[in-house]
Amino acid sequence: MPQTTADAEDPLSVSPQDGWTPASQPTWRAWLARHSAVLLSLPTLLWLLIFFVAPLLIILMMSVMTRGAGGVPQLPLTLEHYDRTFNIFGVVLNRSLWIAFWTTLACLLLAYPMAVFIRTRHKPWVRSLALFLVVLPFWTNFLARTYAWRMLLGNEGIINSLLARLGLTEHGLQLLNTELAVMIGLVYGFLPFMVLPIYASVERFDFRYVEAATDLGANYWHTFWRVMLPMTLPGVLAGCVLVFVPSIGAFVTPDLLGGRSGLMIGNLINSQFKGTGNMPLGAAMSVVLLAFVLLPLAAYLRMNREERLN
Amino acid sequence: MASSPAALPSAVSSSVPATARRDRDAVGRALARLGFTISSLSGYFFLWAPIVLLILFSFNDGRSVNTWFGFTTRWYEGIFDSALDKQSSFQTAALLRAVGNSLLVGLASTAIACALGTTVALSLARGTFPGRRWLDALLLMTVIFPEITQGISLAIFFKVAFDGIGLFLEPRPQPGFGTIIIGHVVFTVSYVAIVVRARLADMNPRLDEAAADLGADGWTRFWLITFPLILPGIVAGALLAFTLSLDDFVVTFFLSGVGTTTLPVFVYGLLKVSVTPDINAVSTLMLLASMLMIGVSLLLQNRNNQDRNF
């Protein structure tokens, strides 16, 4: 952006051109003050360039190298790992995409009513509490929460023993180690990611539009589809991205709840880097995973910017 | 939105008498409201039932995970007894070591993340400079990129770097607390930056200007004006970073070396094997610890902006 450079000086610092800068002030201090914004960002920038960007570049490089003796990547360059990722492991890739898709949809269906519910509480403390009860589980230990589902879904688990006691099942359902279990675990883990952005949109939504629509004769569904949903769409889209992205890269949830039949791309990547795995293949899988993460993110950011420009 | 006048809700032009329509709408609305309340409450049920059951069964007087045998605290006693060198089935010594390791990693990474996060927040809030948007995007990416790619790419980065250093230095550096702490800082620094930035945005810029007019230099202004005002934000960010660090499994899993097992890695090892009341008790303690810290953090963030932005 060309216009950003014009503002580079710290607007709060006294600039030397003003003429009344004390002559005793050393020039290096003036220099520091002028560039304080850039200088303050440098430590974090360096940290992230070294420990976040550089490792990703190494993965990118490794993904096009040949697997050498002892798993050490070497030349020549090749695309065979990408070929294998899409062809041999296409099943797992597909499954990861579908699981992430259904997880996102389920989160959306659960979260929208919750967000409106929070927004329509009249007393401020009830609203705060309702919001707090959504935020709190998100911040509690992910392993412990996933483990709780292992306890619920197991063959001896609470759900199966309840079903058996009600006489609904004879042998018990296979719930644990299925794709369904993975989806339940992911919805459970990422539901707050959907509720919060939708709530942010619904909070700004003026409910007098609902009254206006009703007065004009629109029924409940019309009001929702034509007025409320379009106006809260930014929150819905943000929530979908925030749920889809971590779902597709999930590792712990499928590992603990999915077993063999709920295997996802994250588990495959993990196995390539442990023991006698194929590191370049794992690197290629990571790059493909990152692409699936970046695509929805980029699309969202682009849409957001266009909306703001309009 | 895109709807033309012709596509207005059909209810408007419906031939049903107005009163009948209103009655039907009232019933429909009542039903919709009921369904809406039930669905939002079931969202809360879904979020909290597993946590409540986990806590409940950690007090169950039996090894069963589906039948209630009465109240006991013996699983907790089992953990604490062997801490006091009494007889117990639980491997408490390993657990306590893991807790110690977690606290060490958590405190160190939080301290670094706070320093980096606060400086970068100041930088982003103070001035505009070229590349500012890239820095913003970079910070966002550390939050949104799958943990598995972060963990694996950083592990490979350290392997390559340590192999390189090993050519000149004896002994070759090994992954351990240092690598774990670095990895944790990468994904926690953003959270500190976000919270501190929100706090800075609430700050009255005139205070800083006034101090500048009275002749205070940048350094004095920061420590006497800005720092005390953003301190609650820093503390809130620190609590978030500490919680995230304590709870992290994936990144730690890939970066840990010999003897650096943290609590989540230890618990993961246990719960891959079985579901037992001991683990329920440990998980409950972990849940309560993170809830406590997050509760305090949210309170600190909310003090100034009541019931907005969680």
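## Chain B: overall make-up

Of the 310 residues in chain B, 40% are buried, in a model that is predicted rather than determined by experiment. The secondary structure of chain B consists of 12 helices and zero strands, so that, in the order in which the elements follow from the N terminus, the chain reads α-α-α-α-α-α-α-α-α-α-α-α. When contacts in chain B between residues at least 6 apart in sequence are considered, 75% of them join residues at least 24 apart.

## Domains of the two chains

The domain assignment divides chain B into domain 1 (16-57) and domain 2 (93-302), and the C-alpha centres of these two domains of chain B are 39 Å apart. Contact between them involves four residues of domain 1 of chain B and five residues of domain 2 of chain B; on the domain 1 side, the residues that touch domain 2 of chain B are four nonpolar, with no polar and no charged residues.

For chain A, the assignment gives domain 1 (6-62) and domain 2 (91-309), with 39 Å between the centres of domain 1 of chain A and domain 2 of chain A, taken over C-alpha atoms.

## The interface between chains A and B

Where the chains meet, 77 residues of chain B are in contact with 82 residues of chain A.

Leaving aside neighbours within four places in sequence, Ser153(B) is in contact with Pro55(A), Leu56(A), Ile58(A), Ile59(A) and Ser286(A). Ser153(B) counts as buried because 26 other C-beta atoms lie within 10 Å, where 20 or more are required. Within chain B, the C-alpha atoms of Ser153(B) and Val251(B) are separated by 9.9 Å, although the two residues are 98 residues apart along the chain.

## The largest nonpolar core

The largest nonpolar core has 142 residues, and the members that touch the most other members are Ala111(A), Ala115(A), Leu191(A), Met194(A), Val195(A) and Val192(B). Helix H9 (residues 179-204) of chain A supplies the largest share of this core, with 16 residues. For Ala111(A), the contacts that remain when residues up to four places away in sequence are not counted are with Leu191(A), Met194(A), Val195(A), Ile198(A) and Gly239(A).

## The strand pair of chain A

In chain A, strand S1 (residues 65-67) pairs with S2(A) in the antiparallel sense, over three bridges, and in this pairing Arg67(A) stands opposite Pro73(A) in S2(A). Strand S2 (residues 73-77) of chain A is hardly covered, since the count of buried residues among its five residues is zero.

## Confidence in chain A

The average pLDDT of chain A is 82, and 89% of the residues score at least 70. By element, confidence in chain A is highest in helix H5 (residues 90-119) of chain A, with a mean of 92, and lowest in helix H1 (residues 2-5) of chain A, with a mean of 41.

Over residues 1-21 of chain A the pLDDT is below 50, and beyond near neighbours in sequence this stretch has 28 contacts in the model. Where pLDDT is low, predicted coordinates should not be read in detail.

Notes:
Residues are numbered from 1 along each chain as its sequence is written. Chains are lettered from A and ligands numbered from 1 in the order in which they are written. This is a predicted model: local features need pLDDT of at least 70, side-chain atom pairs count only at pLDDT 80 or more; totals for chains, interfaces and linings use all residues. Two residues are in contact if their C-beta atoms, placed from the backbone, lie within 7 Å. Domain bounds come from an automatic or database domain assignment. A residue is buried if 20 or more other C-beta atoms lie within 10 Å of its own, exposed if 12 or fewer, and partly exposed in between; C-beta atoms are placed from the backbone. pLDDT is the predictor's confidence in each residue, from 0 to 100. Helices (H or I, at least four residues) and strands (E, at least two) are DSSP runs, numbered from the N terminus. A nonpolar core is a set of buried Ala, Val, Leu, Ile, Met, Phe, Trp, Tyr and Cys residues joined through C-beta atoms within 7 Å. Ala, Val, Leu, Ile, Met, Phe, Trp, Tyr, Cys and Pro count as nonpolar, Asp, Glu, Lys and Arg as charged, and the others, Gly among them, as polar. Two strands pair if DSSP finds at least two bridges between them.
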